[in-house]
There are 2 protein chains.
Amino acid sequence: MEFTVLYSSGESRARAGRISTPHGTFDTPVFMPVGTQGSVKALCPDDLREAGVRIILANTYHLYLRPGHKVIERLGGLHRFMGWDGPILTDSGGFQVYSLSKLRTITDEGVSFQSHLDGSSHFIGPELAVEIQKALGADIIMALDECAPYPADHAYILKSVELTNRWAMRCRELMEGGEQAIFGIVQGGMYPDLREMSARALVEMDFDGYALGGLSVGEAPETRWEVVAQVVEYLPWDKPVYLMGVGTPEDLVEAVKLGVDMFDCVIPTRNARNGTLFTSEGRLSIKNAQYAEDERPVDERCTCYTCSRFSRAYLRHLFMAREILSYRLNSIHNVHYYMQLMGEIREAIKQDQVGAFTRKFYETRAEMSVRS
Amino acid sequence: MEFTVLYSSGESRARAGRISTPHGTFDTPVFMPVGTQGSVKALCPDDLREAGVRIILANTYHLYLRPGHKVIERLGGLHRFMGWDGPILTDSGGFQVYSLSKLRTITDEGVSFQSHLDGSSHFIGPELAVEIQKALGADIIMALDECAPYPADHAYILKSVELTNRWAMRCRELMEGGEQAIFGIVQGGMYPDLREMSARALVEMDFDGYALGGLSVGEAPETRWEVVAQVVEYLPWDKPVYLMGVGTPEDLVEAVKLGVDMFDCVIPTRNARNGTLFTSEGRLSIKNAQYAEDERPVDERCTCYTCSRFSRAYLRHLFMAREILSYRLNSIHNVHYYMQLMGEIREAIKQDQVGAFTRKFYETRAEMSVRS
């Protein structure tokens, strides 16, 4: 994997660059839609391409449990299995083990847990986390980390960071040679000293990129941005920074200015399925009665398939009638919106107009609030 | 509407023709996928076009209740609302009133019923049934009929046919002038004398086409084909014959030989959502464990989007994981299969090879049964 910074903002830490992987290159800052179970929900690979998606995320935990990484490996890897020929980043499975599975027990070896699907017992340590991701054929692999609860006291987080660092080292060592890249994950809760400790240890191990984990777990937004701003200072300029599980359009704009290059989040697709659509003027809840006879597209400035073909009235009808097509059309729009936004952010960085872009971004939204 | 018989089989009553409507022409025999609520479930108009669909059916009952035919009319009609610019046939709503709604009361005026959605009270008579279908902008409108229960005694069906004939006359009279076509629906249960009475009365009224209703209600297949063969004899050669709610691929092959030109059925789309896929060699239940690592497409002879991109293993995974994409990919395949089959049937009629086609159709299936 290669990362090249092409432009950097004079007004902030924002930078625009390019990452090349075995399955192609993509421009940063980049947003990765989440393909949990080998499918970005309701979308096929052509929908993703057409919406401008260049890299997706897949969930190790889910694919390990079903259909199994060995099955996918025998079928030629995840790219071939799901028909997506672009880059794939896989998470380590850690986050889902902590958030979805039952009866977790963490030791230095790894984590024992019960499947959320059938209660069966499993064990994933750093070695298996890497093995699974290698078998899937990920372009970018994530080191296994402990996702500590929030809030947690300093003593707990200290131990957790130490464990995560040991696991990171074991993952790193397994990646010598080969084309797949690996990122380490900075933890440390909301404690500046532990975030620094975590970041410095990982940088010492020389990963291909660095992720910020353990955020968006219920902390105040100001706390989150303080942590991001602090951690980015410890990371090398020539390696990509990935803020995991974030976020809203506003989050992306803020984080880019702090130096973040990569994002993933279920928000565009999950909100689509709940009927919340993103527009250049803010959010729109398609189930509202006010759209029942609204012939306009979701966003008049949008060029996505959904907006070029269908009215708010039709999308509202599909949503109210629980038609399956509703999920796809809404998801196409939201994913396209995120891709469009990231493209505008990249262009603003290139033009060194990040401040002006940000002001316009918020102004357009404020106007909408006034109107509606 | 114009119907032209272009080829007729020397071996059977099968014929191949062409129907022109305000929204385009299509070849017969034709299969119409069912777009109940303004969407052929899980598919968008481009999926339908790509699968070879040329005409779809929409349900008057559902669209009347939600979002309402007046809403759709104000939005420019159903074609514009759902983004489908090809021909649309609407049913009369009769069948759904009898099969879905509660507390039905039938009088000479029409039928009172309670909505299956919210229990609200409604009344549809022949006048409103036509008004709704006109408002939707259907290319082909169906007269309101009574769908009698099965089995029912001769006296009940006699009264029912008399009522259906009176309703048909009122519908027919409302259609003078205008571009929309109207079909009458032959009823009469399984009683030959009442089927004859129904058919002759409708032919006297001079409809643009004739449908066979009240079949596939639980009768034996032989009974159904006897009724179809009998009724078709009373219908004019120069008008299309439409067998409502039928059927399986085998049903289509049999009915075409009896002179049927048009079909609609939820089988391809509903089965798709249940994981049953149609192939040139028979049915395939995608959830079966035998497909877990099967890299072949659903049907190696199929050229649909699904078969050209995805393996049985992936489709099985999507189905087991209940991914929304499963419904779309399976539906694309099944609808394409039906379209392909109808194209082959039309070609066989053109070549006057219906008998040979039928033998091959069953032989290929029999071979598969032997192998699996």
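1. Start with how the two chains meet. The copies meet through the same surface, because 100% of the interface residues of chain B are also interface residues in chain A. Contact here requires C-beta atoms, placed from the backbone, within 7 Å.

2. Please keep in mind that this is a predicted model, where local features need pLDDT of at least 70, side-chain atom pairs count only at pLDDT 80 or more, and totals for chains, interfaces and linings use all residues. Residues are numbered from 1 along each chain as its sequence is written, while chains are lettered from A and ligands numbered from 1 in the order in which they are written.

3. Now the symmetry. Chain B is superposed on chain A by a rotation of 180° with 0.0 Å of shift along its axis, at an RMSD of 0.0 Å (least squares on the C-alpha atoms of residues with pLDDT of at least 70 in both copies). The two copies are thus related as by a two-fold rotation axis. Of the residues of chain B, I324(B) comes closest to that axis, its C-alpha lying at 3.7 Å.

4. Next, have a look at the sheet in chain B. This open sheet has 3 strands in the order β1-β2-β3, with antiparallel pairing (strands are DSSP runs of E, at least two residues, numbered from the N terminus; a pair needs at least two DSSP bridges). Its edge strands, β1 (2-8) and β3 (24-28) of chain B, each pair on one side only.

5. Strand β2 (residues 15-21) of chain B pairs with β3(B) over 5 bridges, and I19(B) stands opposite F26(B) in β3(B).

Notes. Two residues are in contact if their C-beta atoms, placed from the backbone, lie within 7 Å. Helices (H or I, at least four residues) and strands (E, at least two) are DSSP runs, numbered from the N terminus.
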